[in-house]
Amino acid sequence: MGMEFNKETFRKDFTFKNSAKAIKRFPFPFYEDSYMYSVNMEPHVPGPKGSVFEPMFDVDEHYVAEMQDRAMVLAEDPLRCQSLPHMTLAGWDLLELIMESKARDYPEWFELHKDGHNWHWINRPLGIDQKFTFLDESTLPYGPMEYITRQSQGDFTLQDQRDDNLWIEAGMVTTQADWSLDFDIGMSFHEWHAPVPRAHELGVFDRALKFLLKLQHGAPVRRFNWTLTVDPLLDTSPENYPKWGPMRADISPENVGERMYLRVELQTLHRLPRSNAIAFPIRCYLIRFDDLVTVPKWGRRLHRVLRDIPEDLATYKGFLRNRDSLVKWLSQYDDGAPTSTGWMAD
Amino acid sequence: MRSRPVYGELTPRPGSGHLFVADGEGAEAILDLFQKAGAQASSLLEKSHIIYMPGPNGTDFGARLEALGAAQYHRSPSFASAQSRLKKVLADAHMGLQIYLAGTEGLMGQAQRDVIEAGLPHEAVQTEHRGSTVRRVQCVHCKGITENVRTDPIKCSHCGLHLFVRDHYSRRLAAFQGVNIDAEDPGQVPAAVERFK
Ligand code: HEM
């Protein structure tokens with residue numbers, strides 16, 4: 001396959017760029033011309049060849065650069081990766097799931113060899129060759145969750161299940177849409193979702209939790225979430241808000257196409273076999289508005305979604321102050337033509 | 001806000017022992033409980049340990065609580081100074097200990113956290129909010145906690161950033177979240193309004 005990994009940055013000079021191929025396979029999240037919260041979950045089964053759904057965990061051209069960015073965030077703030085003591089077994093479950101999936105889906109890049117509990121992991125893109133003993137923490141340079149998520153794009157949280165609830169009790173969170181693991185760790189499903197507008201009243205969280213409590217091992221599900229970000233900044237954490245907040249004030253009708261990004265999270269949910277915990281990978285994809293509108297259906301649709309989204313959602317997602325500029329800019333790409341339902345380009 | 005605990009009303013329950021932790025007006029919730037206990041009050045008091053501190057607004061009903069005549073009564077100047085005693089009592093707890101927390105959210109939240117850390121069942125804990133509504137606020141940026149927050153916004157007592165006080169609450173930290181209010185437009189800080197008394 002021989003993919004090149006981009007040399008690029010997600011901070012300061014922001015050299016991040018999507019290739020034509022990455023634009024084509026971008027997971028555009030809007031199924032129709034409007035958006036409202038819903039219990040949008042479907043089985044995480046392999047999708048079309050080349051799509052981000054083809055593998056269990058997508059590895060794309062941004063892989064190496066994203067892992068370098070994660071290492072920088074962790075060096076600045078180790079609290080972005082936390083695991084309460086009873087979550088170590090779930091960490092091993094996650095390590096196994098990711099290693100097995102990557103070795104299966106990308107054999108040219110990743111290999112996993114097992115001899116009982118003696119495992120040998122090879123990660124060629126990152127130049128890692130590690131022999132270790134499965135379930136023995138002392139044989140890895142980090143705890144199992146931290147070890148494997150330093151090698152996997154996207155954020156990860158691990159939820160323990162007890163008392164008919166899910167408890168967010170471990171996570172690696174460096175590419176988040178403005179929420180704090182350090183603040184939320186230890187909370188239950190409705191507690192960590194407390195700040196979300198409307199969805200509680202719509203019954204979304206009651207139904208989603210009920211569904212997740214019965215999630216079966218081997219039958220993962222997926223859903224999308226999205227927001228908007230100024231510049232391709234992965235680390236839009238509340239911790240660093242004073243650093244990135246001012247960028248929102250930079251947006252003007254002249255620079256929308258270049259500096260505004262649609263930020264899509266492909267979230268999957270996996271029941272873990274030993275711990276019975278649920279793993280929640282949150283994979284972030286960024287696309288510049290200039291690139292997005294090269295697909296006519298996406299330009300039309302994003303214009304309509306942002307124009308019509310209720311104000312409380314725009315406020316929550318943090319783009320209310322720029323909404324008018326964005327909608328005005330996008331309107332150039334909306335000729336009013338009908339769009340087909342579904343995610344696919346027309 | 002669904003992350004905020006729901007508080008109830010203290011009622012006497014059968015137990016092997018009774019631990020009360022209260023501040024300020026929380027004392028009156030304890031006094032009311034013993035009133036409700038009626039004829040049971042004296043047998044309850046024989047197995048009671050009360051830890052009390054004045055409220056953040058200065059309210060101090062210590063003398064009235066002491067006059068109840070519990071087996072153990074201890075007055076502390078602050079939660080911080082009471083904490084090592086509380087932890088010892090929790091570590092020594094026997095099966096069936098009932099725990100009653102009353103007063104400000106900050107006091108109940110911090111005591112509750114010590115109860116959970118000691119591995120005691122949360123069903124053994126009752127809470128009742130009385131008195132001041134001042135908040136404990138964690139600065140999401142520097143992680144420092146500012147106590148007894150009355151206004152919104154506030155200035156973080158550690159890093160000095162101006163913080164908007166959210167309703168999002170963490171039981172683990174026993175604190176509300178504070179987020180920089182002028183991050184997007186540095187220097188534009190709205191006047192502080194007294195929201196918590
Ligand atoms: C069990 C794993 C999950 C975790 C750890 C998780 C975590 C989070 C967090 C931390 C937030 C941000 C809350 C804030 O503002 O502080 C959020 C937002 C949200 N979550 Fe979840 N979530 C999970 C599953 C789900 C599921 C299954 C659904 C629905 C089917 C859902 C629906 C939402 C919605 C609608 C939002 C608001 C997003 C936005 O408008 O940007 N979540 N979630």
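Predicted model: local features only at pLDDT ≥ 70, side-chain atom pairs only at ≥ 80, totals over all residues.

The stops run from whole chains to the ligand and then to single residues.

**Chain A as a whole**

Of the contacts in chain A between residues at least 6 apart in sequence, 70% link residues at least 24 apart.

**The ligand and its shell**

Next, select the ligand together with its surroundings. Which residues are closest to the ligand? The shell holds 22 residues, and the closest are Y37(A), W192(A), H193(A), Y316(A) and K317(A). Three of these deserve a distance label. In the side chain of Y37(A), an N or O atom is 2.4 Å from an oxygen atom of the ligand. For Y316(A), a polar side-chain atom lies 2.5 Å from a ligand oxygen atom. The side chain of H193(A) places an N or O atom 2.8 Å from a nitrogen atom of the ligand. The elements of chain A that supply two or more residues to this shell are β6 (155–162), α6 (189–192), α7 (204–213), β8 (221–230) and α12 (311–317). Colouring the shell by residue class gives 15 nonpolar, four polar and three charged residues.

**R222(A), in strand β8**

Remain in chain A and select R222(A), which belongs to strand β8. Is this arginine buried or exposed? R222(A) counts as buried because its relative accessibility is 7%, below the 20% limit for that class. Its side chain forms a polar contact of 3.0 Å with the side chain of H44(A).

Move to K214(A), in the loop between α7 and β8 of chain A. K214(A) is exposed, with a relative accessible area of 57%. Draw a C-alpha to C-alpha distance from K214(A) to R271(A): the two are 57 residues apart in sequence and 9.1 Å apart in space.

**V64(A), in helix α2**

Select V64(A) in helix α2 (residues 63–76) of chain A. The relative accessible area of V64(A) is 15%, so this residue is buried. Beyond four places in sequence, V64(A) touches F5(A), P125(A) and L126(A). The C-alpha atoms of V64(A) and P125(A) are separated by 6.9 Å, although the residues are 61 apart along the chain.

**Chain B as a whole**

Now switch to chain B, whose secondary structure consists of five helices and twelve strands. Its radius of gyration is 18 Å, close to the 16 Å that the globule rule gives for 197 residues, so chain B is as compact as a globular protein of that length. The C-alpha atoms of chain B fill a box of roughly 60 × 30 × 30 Å along the principal axes. Buried residues form 49% of the 197 residues in chain B. The accessible surface of chain B is about 8,800 Å², with 51% belonging to carbon and sulfur atoms.

**Backbone geometry in both chains**

Most residues other than glycine have a negative phi, and most peptide bonds are trans.

- D152(B) and P153(B): the peptide bond from the former to the latter is cis, with omega near 0°. P153(B) sits in the loop between β8 (151–152) and β9 (154–155) of chain B.
- A174(B): phi is positive, about 50°, and the residue is not a glycine. A174(B) occupies the loop between β10 (162–170) and β11 (175–180) of chain B, and at 1% relative accessibility A174(B) counts as buried.
- N276(A): phi is near 60°, a positive value in a residue other than glycine. N276(A) is in the loop between β9 (260–271) and β10 (278–288) of chain A, and at 39% relative accessibility N276(A) counts as partly exposed.

Conventions. Residues numbered from 1 in each chain as written. Chains lettered and ligands numbered in written order. Heavy atoms only, no water. Near = heavy atom within 4 Å. Polar contact = N/O pair within 3.5 Å; in protein donor to acceptor, adjacent residues only side chain to side chain. Helix = DSSP H or I, 4+ residues; strand = E, 2+ residues; numbered from the N terminus. Nonpolar A, V, L, I, M, F, W, Y, C, P; charged D, E, K, R; others polar. Contact = heavy atoms within 4.5 Å. Buried < 20%, exposed > 50% of the residue type's maximum accessible area, 1.4 Å probe, protein only. Rg over C-alpha atoms; globule rule 2.2 N^0.38 Å. Areas by Shrake-Rupley, 256 points an atom, 1.4 Å probe, with all protein chains shown as cover.
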